[in-house]
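Walk through this model with a few questions in mind.

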Amino acid sequence: MKARTRFWLLCILALIVFPFSSVTAQESGPVYVVQPGDTLTAIALIFGTTVEALVVANNIDDPSLLIPGMELIIPGYEEISGVLTIREIGYGETLSSLSFRYGVPSESLAHLNRVISPGRIYAGQPLILVETESDIPALLKDSLLLPRIGESKLELAVRTGTSPWSLTTLSQTEIRMWVVPGIPLVVPGGGQWAGALPHPILSVEVEPLPAVQGRTTVVRLELNQPGWVEGHLEDRRLNFFPLDSHQWVALQGIHALADPGLYDLEVQLYTSEGGEMTFAFSQPVRVREGGYGFETINGVPAETIDPGVVEPEEEMVASLLSPATPQRYWEDAFQFPSDYYTDSFVSVFGTRRSYNYGAYHYYHTGLDFYGSGVPILTPSPGRVVFTGSLAVRGNATYIDHGWGVYSGYFHQSEIYVSEGDFVDTGQVIGKVGGTGRSTGPHLHWEIWVGGVPVDPLEWVEKVFP
Ligand SMILES: [Zn+2]
């Protein structure tokens, strides 16, 4: 064969073996599983790419045909492999702890999420994460698995619901576990567990996350060793109480008119009550809107919307309801304080209110029930801390349920209890009337948590904490 012919044959062969790369789909990179309702434009926006790049990387013929469950390679992140998921991160999670948990470099997570300030990752923030097929067991991805002082591998296995076998397997793979308090997990290369909540806090749970306007937030702390816990949500001091020697819990209402956004949640650990502070950690938590409506109420007595009357009464009530009794009197969900309700309420919690054609400066701080002269029933055990006649509330009763939780009953026609009385679930404490700021007889029922009124319905629907 002549040299020239051989040259052309080689050229043709080369084209067969190495086709033009521009028409082939990309083969590496992270994968996103298409969800119902997704569009290419939305996916491109989430992952900081373009529709054109997605079309090329995935060899898509018809961009309008996007089937849920379809796997798309996301271009631009060739250094990452695995399935991309989006979830709201928990309190105490940082880019480095997520990097460890998901087995993905924190630079890659920062790149994926276009995070500029890794220090400002907030609890409740939706982040793009990567589920890899690494050997890290699911339990490590789901929780901070940290041993307590003196806890053996077997005890740790029992407490965390895993098997001693899987913990042994763990120690033989990429992660070695040391049953030494404070240095719970050591990765090869000498790098230590990079969670933002080090020894001696095992975990901090914030529920719900994001927190919601007008709802009760539960902050739960699990400790590695006995200690004393304090905390603040922005400038409001949290009422932490121990459940046992290792678990602490605080209940805090989020104001119904609080601006949606980020609020700093700080936890501090002391050796004992009044002792030395050993640890402090702060991270912003997101508060979202409660989705409340608007209503107009006209014809209430003028003095009940006079700031000179309203403000002193609000201050008196706020100071009455600010102490947190260390004893918790309730064990179950609260009951409705009235048998007289059908499936609707006169007015629900959180509604923005205008009185007598005024501006929407007010909001409804409780739940209203129909009925005139019907009995008012104690929803849960507690101690009566106030009975009396107030301009706005009319004849009112407040009950302390412990742990900073109080309930209030307004517009009563009759009051049957006195300050200091201990009342039990179902006990009749008075009768429904129309006294105070009211346009007709009804029962207004409130629940306050940590000095803030919250939606009473959630206290009927679930058992706190
Ligand atoms: Zn009301």
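Start with residues 135-145: pLDDT stays under 50 there, yet the model has 30 contacts beyond four places in sequence for this stretch. pLDDT is the predictor's confidence in each residue, from 0 to 100, and a contact means heavy atoms within 4.5 Å. Residues 13-23 also stay under 50, with 3 such contacts. Where pLDDT is low, the predicted coordinates should not be read in detail. Across the protein chain the average is 81, and 79% of the residues score at least 70.

Two notes on reading. This is a predicted model, in which local features need pLDDT of at least 70 and side-chain atom pairs count only at pLDDT 80 or more, while totals for chains, interfaces and linings use all residues. Residues are numbered from 1 along each chain as its sequence is written, and side-chain values use heavy atoms, with hydrogens and water left out.

Now the zinc ion. Its protein donors are His364 (NE2), Asp368 (OD), Asp368 (OD) and His444 (ND1), at 1.9 to 2.6 Å. Donors are N, O and S atoms within 2.8 Å of the metal (3.2 Å for Na, K and Ca); water is not among the atoms, so sites may look incomplete. The spacing in sequence is H-x3-D-x75-H. The histidine pair links distant parts of the chain, 80 residues apart: His364 sits in the loop between β18 (362-363) and β19 (367-369), His444 in strand β26 (residues 443-449). Strands (E, at least two residues) and helices (H or I, at least four) are DSSP runs, numbered from the N terminus. His364 is buried at 1% relative accessible area. His444 is buried too, at 5%. Buried means under 20% (1.4 Å probe, protein chains only).

Next, the open space. The largest pocket holds about 800 Å³. Of its 38 lining residues, the closest to the centre are Glu314, Tyr362, Tyr363, Thr365 and Arg437. Helix α9 (307-320) is among the elements supplying at least two residues, and α9 gives the largest share, 6 residues. A pocket is an open set of points on a 1 Å grid over the protein atoms alone, with protein on both sides within 12 Å along at least five of seven lines; lining residues have an atom within 4 Å of a point.

In a cavity, a 1.4 Å probe fits but cannot get out. The search finds 1 cavity of 30 Å³ or more. The largest cavity has a volume of about 60 Å³. Strands β9 (216-223) and β15 (277-288) each give two or more residues to its lining.

Notes. Buried < 20%, exposed > 50% of the residue type's maximum accessible area, 1.4 Å probe, protein only. Points joined across faces, edges and corners; volume = space filled by probe spheres on them.
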